[in-house]
Amino acid sequence: MKSLFKIYRRYIFSAAWIAGTVILVNLLALFGVSAYFHSQSRNSPARGTRLRVTQAAQMLEQNPDGTVRMSEEGTACLDSSGAEFAFLLNDAGDVIWDWRRPDEIPTHFSLGEVASFSRWYLKDYPVRVWNCDAGLLVIGEPKFTAAKYSVEFSRDSIRNVPYFLLALVGANILLVLILAVLSGYRLYASLRPVASGIDGLSSGRKVLVPEHGLVGDLGRKLNQAARMLEQQRWNLEKRDTARTEWISGVSHDIRTPLSMVMGYADNLENDAELPEEARKQAGIIKEQSLKIKTLIEDLNLTSKLEYQMQPLRMEKYVPAALLRSVAVSCLNGGLEEGYELEADIGEELEGLVLAGDVRLMTRALHNLIGNSIRHNTGCRILLSGRLVQQGPVPLCRIGVKDDGNGIPQEIRDILEEKPAMGGTGAAEGGKSLAGQPGNPSGRPHIMGLRIVKQIINAHGGRMEFSGDGREVILLLPVTGTLDTEKKKEKKKWWEILWYGENRIKTLEKN
């Protein structure tokens, strides 16, 4: 859902940027149109008349007899300016001079008529008037060449024009933002089912997205993908179930004849009447049968761990005590000549408590120690335990290290799910695994290490390797300390009386 809010926020910012750009472009266009009309007005004949009306008034000449005439230069100025006619009124409203005056224009005007045409039109002629010493000069322009409007504003309104423009721009921006938010919410509402469907796909839930609206096509494709994934998931579960059942069935069928083989081999090995060579061969048969039995158990265990079918018998345990018991068990079992086993346990582990299946954890440590013994001809094995801090949760670090050849890089890549380096079958240093004892095919046998990784993952931890491959590191989350566990065990009498001992344990586990 965070991605949806990110899309929503980016959509609003983009809409605001677009709105600002549009308003700026509109303002520039308004200024451009105003400049265009200003230039058109300046270059029009009416503009020429307005500019030359004062010049024509200055070129009026008064004769000695009191009449008025226009000089030739003034007449040429009127003609070049595009004027249609001109005349001069005295104070009584009589025409005392005219130039091209149409017949429809009277020779006498009242004061009201003069006030009317000076503001508007004279017989549909736009006119310009100028009060000069000789009288009132009236210059008419051709009909329908100019539009005259009377606009009047108070001085306070003129002073407030910039504020009105800013308020108008702000209102436009606010309106655009509101529309952008509404449009973005519509997009958000359309994408929300799609995002929920994608979350459902990632978590393995059943997905059904509406196939209508703005993202109907996307919803339809998502439903198709969900159906395909559901079918694939069902096929995989069916295959995995069949595989698990097959392994379990084969293991069960092999267990009885294998026990008989091991029993007869043991009898033959201990039969004193048989030759020494025959008894050795019987011992080899029993030993190999035991390996087959262990392999079958490993197959069952890894199958159950992989599909989370192995129930964990969770209990609290002290890791220091577990490490010591594993070391003692290996030493009492008898190490072959040339092998040494040491335990290095930090004091901080003595008071720590972990939660897990002790039987499986013991199995994992025995697998790691046995792996060092099987793949090295004589080596020193170090079993260590430390408390480390990686992130907010403290971790118990258990290491099994030897001074032998180390785990090949190819096997580490497989267990860490990395692509193999150097090609298939390449080991560390470019050496192939083929031809090694017990591995003629060149394929790495990682059953024991895989089981260790599965056990650690089931306990919420992780498995790592040192750079040279000589140490396997197990990191497990710490549950608490012995002091905290002892405090939990001290129950108040009224809690035991009210809830009961078993109920309290159930609540603590939850």
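**Ground rules.** I numbered residues from 1 along each chain as its sequence is written, and side-chain values use heavy atoms, with hydrogens and water left out. Because the model is predicted, I took local features at pLDDT of at least 70 and side-chain atom pairs at pLDDT 80 or more, while totals for chains, interfaces and linings use all residues.

**Overview.** I found 15 helices and 15 strands in the protein, taken as DSSP runs (helices H or I, at least four residues; strands E, at least two) numbered from the N terminus. Of the 510 residues, 32% count as buried, meaning under 20% relative accessible area with a 1.4 Å probe, protein chains only.

**Helices α9 and α10.** I looked up how α9 (residues 319-333) packs on α10 (residues 358-374), and the angle is about 50°, with the axes 10 Å apart; the axes are lines fitted to C-alpha atoms over the stretch in contact, and angles between N-to-C directions run from 0 to 180 degrees. The contact (heavy atoms within 4.5 Å) involves residues of α9 including Leu322, Val326 and Cys330, and residues of α10 including Met361, Leu365 and Ile369. I noted that the contact residues divide into eight nonpolar, three polar and no charged, where Ala, Val, Leu, Ile, Met, Phe, Trp, Tyr, Cys and Pro count as nonpolar, Asp, Glu, Lys and Arg as charged, and the others, Gly among them, as polar.

**Ser372.** I located Ser372 in helix α10, and Ser372 is buried, with a relative accessible area of 4%. Leaving out residues up to four places away in sequence, I saw that Ser372 touches Cys379, Ile381, Val400 and Asp402.

Conventions. Buried < 20%, exposed > 50% of the residue type's maximum accessible area, 1.4 Å probe, protein only.
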